[in-house]
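Okay, thanks for making time for this one. Let me put the structure up, and then I'll talk you through the inside of it.

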Amino acid sequence: MKHVKLRDLDVSRIGLGTMGMSFGYTGAGSDDDESIRTIHRALDLGVTFLDTAEVYGPYTNEELVGKALKGRRENVVLATKFGMISHTGRSGLDSSPANIRAAVEGSLRRLDTDYIDLYYQHRVDPGTPIEDVIGVLAELVRAGKIRHIGLSEAGVDNIRRADAVHPITALQSEYSLWTRDPEPAVLPVLRELGIGFVPYSPLGHGFLTGQIRSMDDLDADDWRQTSPRFMGANFARNLAIADEVQRIADDAGATPAQVAIAWLLARGTREGIGIAPIPGTKRVSRVEENVAADALTLTAEQLAGLDALTPPAGDHHNEQQMAMIDR
């Protein structure tokens, strides 16, 4: 597995998102043993970068990851997130200093670790100045409880203000052939400041794999049932995107998932940014498929075809979730 630098943090250039093992997606929480086998297989294949958050479950995903890493913690760059759960009684997002201090202690306990390698603010809290947030996180760095600071779905202004207080190691935001919002403004700022980028949902919440052909393929409580891109006429229109990715995958002798990941890796090279996508899965077979994208090099013609894909119909999150994305 090739590696990449998120600022000065060395990680495998393909990580593993663990959310769907416990939360949000069809089959979540149904087979923790398989999820642990998947984490172990990822590590065996050279993945060093795992991603979780306290809100996944809530809490149960961190517990699962902590259990899976027994005896293997030193080989992993472990990332988690705070701020979408309030431990102080506030409603909505909470990145108050008191909440951050409470959240980090809970995550350390559930993950059964003495330190967190990369600690993200999960969403920008409009009620707490970003300077105050980063000030507390800098204290946690000095205390050895966290090693690197990250932001998630932060806009350009807050990225700059945060980095002026303490170096920001990575931004995690949705980015894929399905969601290219970061390209016009965010990617240039990351390149300027030397901040790494961690794209979540690099497979378009599974849509780009071509495996979802009907909403009947998803459980009733799967969060994608509320996603505009998966609903009604948008779903039918967006199938054409999945079909085009499949066509290019056939040409490349790869799977659509591998093509989608390889496009992101190539994008990092073209943009001059350290990019480490974190495709999520709870299955051993899928992690093996995703990791194989590390060896896939797309041709200039294939990359151009992917660059030219028609944008999907509908927002990539529902209205409530979109409201939490910093612009």
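This is a predicted model: local features need pLDDT of at least 70, side-chain atom pairs count only at pLDDT 80 or more; totals for chains, interfaces and linings use all residues.

Residues are numbered from 1 along each chain as its sequence is written, and side-chain values use heavy atoms, with hydrogens and water left out.

Let's start with the cores. By nonpolar core I mean a set of buried Ala, Val, Leu, Ile, Met, Phe, Trp, Tyr and Cys residues joined through side-chain atoms within 4.5 Å, and buried is under 20% relative accessible area, with a 1.4 Å probe and protein chains only. The largest one has 81 residues, and Y119 and L137 have the most contacts inside it. Helix α8, residues 256–271, gives this core its largest share, nine residues. Helices here are DSSP runs of H or I, at least four residues, strands are runs of E, at least two, and both are numbered from the N terminus. There's another core lying apart from that one, with 14 residues, L6, L9, V11 and A170 among them.

So what does L137 touch, beyond residues up to four places away in sequence? That would be F82, I100, Y119, I146 and I149, where contact means heavy atoms within 4.5 Å.

On to the open spaces. A pocket, on a 1 Å grid over the protein atoms alone, is an open set of points with protein on both sides within 12 Å along at least five of seven lines; a cavity is a set where a 1.4 Å probe fits but cannot get out, and lining residues have an atom within 4 Å of a point. Points are joined across faces, edges and corners, and a volume is the space filled by probe spheres set on them.

The largest pocket holds about 1,400 Å³. Its lining runs to 50 residues, and M19, G20, Y25, H205 and W223 lie nearest the centre. α8, α9 (284–291) and α11 (319–322) are the elements that give two or more residues to that lining, and α9 has the largest share, with three. By class it's 19 nonpolar, 22 polar and nine charged, counting Ala, Val, Leu, Ile, Met, Phe, Trp, Tyr, Cys and Pro as nonpolar, Asp, Glu, Lys and Arg as charged, and the others, Gly among them, as polar.

The second largest pocket is about 240 Å³. It has 15 lining residues, with D181, P182, V186, D326 and R327 closest to the centre.

Then the largest cavity, at about 30 Å³. It is lined by I14, G15, L16, V47, P279, V287, N290 and V291, and α9 again gives the largest share, three residues.

Last, the loops. D294 sits between α9 and α10 (300–307). Buried or exposed? D294 counts as buried because its relative accessible area is 11%. Leaving out residues up to four places away in sequence, D294 touches M1, K2, R13, I14 and L265.

T128 is in the loop between β6 (116–121) and α4 (130–142), and T128 is buried too, at 9%. Its side chain makes a 2.7 Å polar contact with that of D125. For that term, we need a pair of N or O atoms within 3.5 Å; within protein, one must be able to donate a hydrogen and the other to accept it, and residues adjacent in sequence count only if both atoms are side-chain atoms.

Note on methods: Buried means under 20% relative accessible area, exposed over 50%, partly exposed in between (1.4 Å probe, protein chains only).
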